[in-house]
Amino acid sequence: MTREAYHKALKNLESEVLQMGNMVAHAVRKSVEALQKRDINVSNEIVKNDLLINKKRFDIEEKCISLIATQQPMAGDLRELTSILSIVTDLERMGDHAEGIAKINILLGDEPLVKPLIDIPRMADIGLSMLDTCLKAFIKRDIEMARRICNDDDQVDALHDQIYRELLVLMMENPKIIHMATYLTWVSHNLERIADRVTNIAERIVFMVTGKMEEINVSKY
Amino acid sequence: MKKKSITVPDPIVNIIDLALYYGKTKALKEINLDISKKKITSFIGPSGCGKSTLIRCLNRMNDLIDSVAIEGCIKIDGQDIYAPAVDVTELRKKVGMVFQKPNPFPKTIYENVVYGPRVQGINKKSILDELCENALKKAALWDEVKDRLRVNALDLSGGQQQRICIARAIATEPEIILLDEPCSALDPIATAKIEDMLVELKKDYTVIIVTHNMQQAARISDYTGFFMLGELIEFNVTTDIFTNPQEKETEDYITGRFG
């Protein structure tokens, strides 16, 4: 591979990370929408498509390893490749969380929800907006943008607390709904983890640009 | 130095505002740099950047070129090596050098290694034998050649010849060993042997190596200096240079974007 081809391959990898990010964002959005609409077909689709996200992660990893082995990347290039390895791991886990939400919808079947979904879609919206900003920060190498993402994670944590408290009260009032309510706390937990994974990616972007490992978000969970 | 630099512990060499001219061409521009004792320091940079010129200043090899003029100062063990009173032969005994292409003398292995001590007036066979064995052991060559010390050094492989040259440099018991691309004519196995040996050698010597092989600099050196167009652009701990260089020129060079 010529040096020019190598630099092109690096650029292509960035596009593939973006593609994977968009696949994950789609899965998260659809998993919560399906739960709202109680659409099991869409949830089944998400479970099936998670395999594509996993495959994308392996493809990107293989390309990174091949470039490291054959091109001996240094400095910024080395940081970018090692960061991508870490970023795709986080994205893949986020896909698993979306799959987790889809599976909960499948488990719930046609049972009515114990409460209307208000804060859960809100958590999903914030998480998705964080992911969108994060992918932009990755492409633009914008560390300030990456750092700001972590502030939004506090809102997601607060919503998770709120949902948990609310469901706890409902469960105390009516123990018959415990298993249904527990499923919803798991949905909230999945969304909380998704937002946390975005902050991991933001930290990697800061490392990729500055070479410094710093924890910019200390999650409550 | 122009930009990013660090202070090294226990410096043995101090290069202060060093400038060098080949005729009217300024090949080194106000270099300021300290070399740490018993460490490996590597110099990297594109061809013509001045890195070889700089190491040749450290044992005054450039004195042999008529058009060379030097400004500034180089101190080794605190002494200005360009001071009029300095005995250049003594300096070169203290600062040994190994070149890009192995250049053993057309003599036996033994005579190659003891050449320096003989020139210094040592003639007693038992002392020379011991010096030869020690030097060859340090150059990681003893086991391969101990039974054929009377063989012509030119009959050895390239990698062995280069280690003969390193043994020859060690035999005069220098403090500093300069190596100018010592592995560029060798295969990867011979290169690996030399690299292992250099890492061993730093227990006793200060090693300064010019290399075009950046992986080599990354693998074996403690400190790395990056040069471009006669300037020292950046000098830092090797891992920092290769993972997080501070200067754009360094980044561009080591990631292959120019040079």
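**View 1. Helix α5(B) passes helix α7(B) in a right-handed crossing.** Handedness here means that the near helix is turned clockwise from the far one by less than a right angle, anticlockwise being left-handed. Welcome to a predicted model, in which local features need pLDDT of at least 70, side-chain atom pairs count only at pLDDT 80 or more, and totals for chains, interfaces and linings use all residues. Residues are numbered from 1 along each chain as its sequence is written, while chains are lettered from A and ligands numbered from 1 in the order in which they are written. The axes of α5 (residues 125–138) and α7 (residues 158–171) of chain B come within 8 Å and cross at roughly 130 degrees. That makes α5(B) oblique to α7(B) (under 35 degrees is roughly parallel, over 145 roughly antiparallel, 65 to 115 roughly perpendicular, and the rest oblique). Axes are lines fitted to C-alpha atoms, for helices over the stretch in contact, with angles from 0 to 180 degrees between N-to-C directions.

**View 2. Here are the residues where α5(B) meets α7(B).** From α5(B) come B:L131, B:C132, B:A135, B:L136 and B:K138, and they meet B:A167, B:I170 and B:A171 of α7(B); contact means C-beta atoms, placed from the backbone, within 7 Å. The residues of this contact divide into 7 nonpolar, no polar and 1 charged. Ala, Val, Leu, Ile, Met, Phe, Trp, Tyr, Cys and Pro count as nonpolar, Asp, Glu, Lys and Arg as charged, and the others, Gly among them, as polar.

**View 3. An open sheet in chain B is built from 6 strands.** Their order is β6-β7-β8-β3-β9-β10, with mixed pairing. The edge strands, each pairing on one side only, are β6 (95–98) and β10 (231–237). Strands pair if DSSP finds at least two bridges between them; helices (H or I, at least four residues) and strands (E, at least two) are DSSP runs, numbered from the N terminus. Between β9 (residues 223–228) and β10 of chain B, which run antiparallel, there are 6 bridges. Look for B:T224, which stands opposite B:N236 in β10(B).

**View 4. B:D10 and B:E30 both have a positive phi although neither is a glycine.** Most residues other than glycine have a negative phi. For B:D10, in the segment before β1 (11–22) of chain B, phi is about 50 degrees. B:E30 lies in strand β2 (residues 25–36) of chain B, and its phi is about 40 degrees. B:D10 is exposed, with 11 other C-beta atoms within 10 Å, whereas B:E30 is partly exposed, with 17. Buried means 20 or more other C-beta atoms within 10 Å, exposed 12 or fewer, and partly exposed in between, with C-beta atoms placed from the backbone.

Note on methods. Two residues are in contact if their C-beta atoms, placed from the backbone, lie within 7 Å.
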